[in-house]
Amino acid sequence: MGSALRLSIQVTLTATIFAAVLGLILGRLLARREFLGKSLLETAVLLPLVLPPSVVGYYLLLGLGERNPLFSWTNVSLLFTWQGAAFASGVVALPLMVQASKAAIANVNPALENAARVLGAGEGEVFFRITLPLAKRGILAGVVLAAARAFGEFGATLMVAGSIPGRTQTVPLAIYDAVQAGRYGDANALVLLTTTLAFFSLLVVRQLERPRRPPNAIAPGTSPETGG
Amino acid sequence: MTPRIAIDIEKNYGAFHLHVALTAEPGVLVLFGASGAGKTTILNAIAGLVRPDRGTIRVGEETWFSRGRPEPAIDVPARIRRVGYVMQDYALFPHMTALENVRFPLRRDPAGETTARTLLDRVSMGHLAERRPAQLSGGQQQRVAIARALAGNSRVLLLDEPFGALDAPVRERLQRDLRLLQRAMDLIIVLVTHRLEDAFAMGDVIAVLRAGSLEQVGPIADVFHRPATRGVAEIMGIRNLLRARVCAVAATTTLDWNGMTLEAPADPGLEAGAEVTAYVRPDDVKIVYPNRPISPQVAHNLLEATILASRQNASVRILRIKLPNESEIEVRFPALSYGEMTLEPGETVRVAIRREGIVLLGHLA
Amino acid sequence: MSRLFSIAFERVHTVLRGAALLGIIALPACTERSNEPLLVAAAASLSGAMPDLTAAFEAETGYRVQMTTGASGQLAQQIREGAPIDVFLSADREWVERLSDDGRIVPGTIAVYARGRLVVFQSAASSLHMTRIAEIANPAIRRIAIANPETAPYGRAARQALETAGILRAVEARLVIAENVRQTVQYVETAGADLAFTSEALMAEGQGTWTEVPQELYDPLDQALGVVANRPNEEMARAFASFVLGQRGQEILLASGFTPPDGRI
């Protein structure tokens, strides 16, 4: 049980970092730029959200199996490794991050970004000093959702990494295994843990997505200065 | 560098076609026109936020933009042009204080904070430096935006509808401060507005735009008094333009318009003996019922007039009348008003010109 | 505050970029060290015996063993796809021999380590008292759990037994397919199946009653093992295989409910 938790943390952390970084890049691209093939890209990114996990797992098997070019180049296979599990989890978590970042970034007034450009900011600065701070709540919500999704990934992970205790058997897989083997005590403990984690994640997301009250707001027009 | 902006650009947005050629010297160039005429696009093109389809933009000795010529295309990025730009709605960064906003263009400058504070003081916002935009009134935000636009030390300052959300006293103060800034720093200011009063208050040169092309460009007094086309006059909404001399300045301004006396709103900036340009709003000329008492709120400037012409559509009726001083003005009212009166050409009527309907446009140059 | 955040994020961003690159390159190549624990894939019927086997092996040799279980066919598929499995303990010969034909098994290491026995398992709460296989056709029995015949040798044997007994067609519609023989037990215990065809070796853990299925109804389940080829830990793997086939290993298997390889009791 302990190894399942450790593996889950490892896998979820890796998958979330992957989904967060890539998701942020894609989210910004989709929110701000127009280009040929944009809707195709968007649809492709969102596919894992809608496809059954076994289909996602199948594509990953094809992509990560021993016939793929990356393998012949490095002789490294991600199948049956926790890194493979992390990749599978990352792939299914990515659409959530992309959607959340895209919405959060699109909500930032483009005039602010333009103002920054006119004030001498390069694209990187515009993103890190203006867009990101103003979009950070939505982006953070996306990260939490992605993490929750990565933690719970079962089907694709099973196909890509198997359910090897101590190596790739994450919490969801361990629960399945425990139920199969009649070890209900273990199953109960893990189920309780997972449910609690999911519950708190959603609470956090809800908090982040709520509109913020401005701090110490003074209504315009009531300033003490004469002639406003 | 000889400070001067020379623009000659074309841009198409679907059905909308923009083509203007302008120059701007140190001073204030007003881009005037209705919304959708292309004014903001011109500002954005100067700033480098919008790329025209064709044309050139030269500032001093530098070419900032060139496209469609045999020579290689040039498009200097906005962050290098670094014009001062006060956008509509100010675009202040909501997550930064006023000071941090003004500091932003100076963030790499070790003396940046001091410079920023100086600028804020200059626009009388020094004491509110730590406030966030949400905690500032419209006028205060406006001034922070101006300070921020000036922080980049550009000779060019672009302003897009800067006076929109402000009340009269705030507006006038800002206009005065901007004129002072312009003189102190020898700025080239390009100001976009659709309000006649603002154009007149700020502008040296006015460029009148309609549907993407220039109708007329010239010193502001010239364009007002000699609109090149009816179109220009219409765009500027000028009706009933007049020149008068100020007789007295007190609780109201007494004007002598070709021998006829008019009471206009008080204007502390005027002196007796000065010549002013003004116009009478057609909607503020009321016909007086012969048998009824007149409300004191409209009982100003009671005059006898003769109706010269009348035309009407479904909602509005427009009369052309001749006043005792032989001048002709237009009168507008809802078509259903004055139902009992016939108001045919040739008739004599009494009119009341509401004091507030006389808009003073300032001094002649 | 948010400025600090932006600056911090800039730095973290750079660090993360580097870490991500490092992470991709560094592993899993690093895990191929020869003092990694052995990974043994065991058929589901060995779920009860494996903990004892691995503990005894570790005690004797000091080598650590990790295990993974499942239906023999599933495990064979994983091995074929490159799973890092060192030893394969199947529930029959066929799956190991098929892998060997593909060159996945070290030649000469295939050996039968036990014979499994098919049993019928009922939950303790069941009111049915079955003594003969033919009674399965009783309409009161609504759900019969068997392991997937395509991937689990015990499932195949169960189907064969039903057919030989002449009742397959009668009960076919009531068959519930489980992933492996261990899950068939779980189906009876918690999922409402009335009966399960499972392995005798799993009966120590089950809570219910069980009856042997007569051997003449199905082909014997000669459970064979093989050492997987092209693995870094081949020496250790061979040692484990020998252990299972050796005296101590055989004792444990016997105690778990298996019979010796040649069928003698």
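**Three chains, one predicted model**

Reader: In chain C, what share of the contacts between residues at least 6 apart in sequence join residues at least 24 apart?

Author: Of those contacts in chain C, 78% join residues at least 24 apart in sequence, where two residues are in contact if their C-beta atoms, placed from the backbone, lie within 7 Å. This is a predicted model, in which local features need pLDDT of at least 70 and side-chain atom pairs count only at pLDDT 80 or more, while totals for chains, interfaces and linings use all residues. Residues are numbered from 1 along each chain as its sequence is written, and chains are lettered from A and ligands numbered from 1 in the order in which they are written.

Reader: OK, and what does the predictor say about the complex, and about chain C on its own?

Author: For the complex the predictor gives an ipTM of 0.80 and a pTM of 0.74. Chain C has a mean pLDDT of 85, with 85% of its residues at 70 or more; pLDDT is the predictor's confidence in each residue, from 0 to 100.

Reader: Where in chain C is confidence lowest, and where is it highest?

Author: Confidence in chain C is lowest in helix H1 (residues 2-26), at a mean of 50, and highest in strand E3 (residues 87-89), at 96. Helices (H or I, at least four residues) and strands (E, at least two) are DSSP runs, numbered from the N terminus. Over residues 19-33 of chain C, pLDDT stays under 50, and the model has 10 contacts beyond four places in sequence for that stretch. Where pLDDT is low, the predicted coordinates should not be read in detail.

Reader: How many helices and strands does chain C have, and which domains is it divided into?

Author: Chain C has 9 helices and 10 strands. Its domains are domain 1 (30-115 + 221-256) and domain 2 (117-217), with bounds that come from an automatic or database domain assignment. The contact between them takes 15 residues from domain 1 of chain C and 17 residues from domain 2 of chain C. On the side of domain 1 of chain C that touches domain 2 of chain C, helix H3 (residues 72-80) of chain C gives the most, with 3 residues. That side of domain 1 of chain C has 6 nonpolar, 8 polar and 1 charged residues, counting Ala, Val, Leu, Ile, Met, Phe, Trp, Tyr, Cys and Pro as nonpolar, Asp, Glu, Lys and Arg as charged, and the others, Gly among them, as polar.

Reader: And chain B, how far apart are the C-alpha centres of its two domains?

Author: Domain 1 of chain B (5-83 + 154-235) and domain 2 of chain B (241-363) have C-alpha centres that lie 34 Å apart. Their contact takes 4 residues from domain 1 of chain B and 5 residues from domain 2 of chain B.

Reader: Switching topic, which residues have the most contacts inside the largest nonpolar core?

Author: That core has 243 residues, and those with the most contacts inside it are B:Ile46, B:Leu158, C:Val87, C:Phe88 and C:Phe240. A nonpolar core is a set of buried Ala, Val, Leu, Ile, Met, Phe, Trp, Tyr and Cys residues joined through C-beta atoms within 7 Å. A residue is buried if 20 or more other C-beta atoms lie within 10 Å of its own, exposed if 12 or fewer, and partly exposed in between, with C-beta atoms placed from the backbone. Leaving out residues up to four places away in sequence, C:Phe88 touches several residues, including C:Leu75, C:Ile79 and C:Leu225.

Reader: What about B:Arg148, is it buried or exposed?

Author: B:Arg148 is buried, with 31 other C-beta atoms within 10 Å, and is found in helix H5 (residues 138-151) of chain B. Not counting residues up to four places away in sequence, B:Arg148 touches B:Asn101, B:Val102, B:Phe104 and B:Pro105. B:Arg148 and B:Leu119 are 29 residues apart in sequence and 8.0 Å apart in space, C-alpha to C-alpha.

Reader: Why is helix H6 of chain A largely enclosed by the rest of the structure?

Author: Helix H6 (residues 110-118) of chain A is largely enclosed because 7 of its 9 residues are buried. What covers those buried residues includes helix H7 (123-152) of chain A together with helix H1 (39-47), helix H2 (78-81) and strand E7 (84-86) of chain B. After H6(A) comes A:Gly120, whose phi is positive, near 100 degrees.

Reader: Last one: how many bridges join strand E12 of chain B to E15(B)?

Author: 5 bridges join strand E12 (residues 241-249) of chain B to E15(B), and the two run antiparallel; two strands pair if DSSP finds at least two bridges between them. B:Ala244 stands opposite B:Val276 in E15(B). As 5 of the 6 residues of strand E15 (residues 275-280) of chain B are buried, this strand is largely enclosed by the rest of the structure.
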